[in-house]
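Biologist: I would like to learn how to read a protein model. Please take me through a few features, with the general idea before each case.

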Amino acid sequence: MDGRGRPGPRRVLLTGWFSFRDGEATAGDVLALRRVEEVLRGAGMAYDVVWSPGFRPEALHFDDVRPGDHSHLVFVCGPLHGPQVEELHRRFAHCVRIAVGTSVIDPDGAAVTGFHRVLARDAPGSEPSEDLAARAPAVPARPVVGVILTHGQQEYAGQRRHGQVAELVTRWLAGKDCARLELETRLDTRDWHLSATPAQVQSVLARLDLVVTDRLHGLVLALRVGTPVLAIDPVAGGAKVTAQARACGWPALLAAERLDARRLERWWDWCLTSGRVAARQMRDVFREGRVPDGADRLVEVLAPRAGAG
């Protein structure tokens, strides 16, 4: 949250790589910023934060800043190099310019020497200091959500709604305050991005708070380890995902034709509350083998019938 107050004799402009139009915001940079904000608030100092319009379009951007409104410019975190940093020295030449928690690569570079003070986290010939992100204010944990979607299953031909489902679900998930992990049930022993064994897939799923999937095995493997699932059947009229949810007695299922944000929100809330208990109960059902499956009947089918011959 930006510090807001009346301009005074001392007002600080907080910047970093998260401020530039073509820069990037990393989790470490933003946490470092939060640490600096905490210190300034504690000292009663007024400040503003400049954000990249690509990252936070509704916030303060460099185009909105009048250089004369600030007495100090503080550059937070990241490496001190490049024309974007050098431009800050020209535009805010009237300000006292300080860099904090930064990496110095070339001490004689214009991006570095333009600062009045550099409180580096690492620089040639000096002892490194703890990164600012390490002491940033603690934040509540967010749900960790595995997302398992398929764009295949061509066998369903005209019944396929996979594209529409993926577009709606991912757009909705982008607005949720959660940690999203795109996952695959496909195994590969050569591609390090993918798991090589079912045990590796299950190890990830067991550590999640929720799985959102339109795949049958996304549903089954998550329930197998006791993780609640928000399942969507991407086939018009319902197909194997619907059938499997019914076989398991799992209620958090949406049809492609009835998919909307309201229904997604309803089952999201259920999965993260009552669904946690229901998923653990389903895991126990699977482990105890209470419900017969096709393998239980296989021997009977394979065994020769009496009198046959």
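Biologist: At what angle do the axes of α6 and helix α9 cross, and within what distance do they come?

Modeller: First, the source: this is a predicted model, in which local features need pLDDT of at least 70, side-chain atom pairs count only at pLDDT 80 or more, and totals for chains, interfaces and linings use all residues. Residues are numbered from 1 along each chain as its sequence is written, and side-chain values use heavy atoms, with hydrogens and water left out.

Modeller: Two packed helices are described by the angle between their axes and the distance between the axes. Axes are lines fitted to C-alpha atoms, for helices over the stretch in contact, with angles from 0 to 180 degrees between N-to-C directions. Helices (H or I, at least four residues) and strands (E, at least two) are DSSP runs, numbered from the N terminus. Here the axes of α6 (216-224) and α9 (residues 274-288) come within 7 Å and cross at roughly 90°. That makes α6 roughly perpendicular to α9 (65 to 115 degrees).

Biologist: Which residues make the contact of α6 with α9?

Modeller: Contact means heavy atoms within 4.5 Å. Val 220, Leu 223 and Arg 224 of α6 meet Ala 279, Met 282, Arg 283 and Phe 286 of α9. Of these residues, five are nonpolar, none polar and two charged. Ala, Val, Leu, Ile, Met, Phe, Trp, Tyr, Cys and Pro count as nonpolar, Asp, Glu, Lys and Arg as charged, and the others, Gly among them, as polar.

Biologist: Which residues of helix α5 are buried?

Modeller: An α-helix has 3.6 residues a turn, so residues three or four places apart point the same way. Buried means under 20% relative accessible area (1.4 Å probe, protein chains only). In α5 (residues 198-205), Val 201, Gln 202 and Leu 205 are buried. Seen down the axis, they fall within an arc of 95°, so they line one face of the helix; the arc is that of the directions from the helix axis to the C-beta atoms. Their cover includes β6 (144-148), β8 and α6.

Biologist: How many residues has the largest nonpolar core?

Modeller: In soluble globular proteins, nonpolar side chains tend to be buried together. A nonpolar core is a set of buried Ala, Val, Leu, Ile, Met, Phe, Trp, Tyr and Cys residues joined through side-chain atoms within 4.5 Å. The largest has 42 residues, and Leu 205, Leu 230, Trp 250 and Trp 268 have the most contacts inside it. Helix α4 (residues 162-174) gives the largest share of this core, five residues.

Note on methods: Buried < 20%, exposed > 50% of the residue type's maximum accessible area, 1.4 Å probe, protein only. Parallel < 35°, antiparallel > 145°, perpendicular 65-115°, else oblique.
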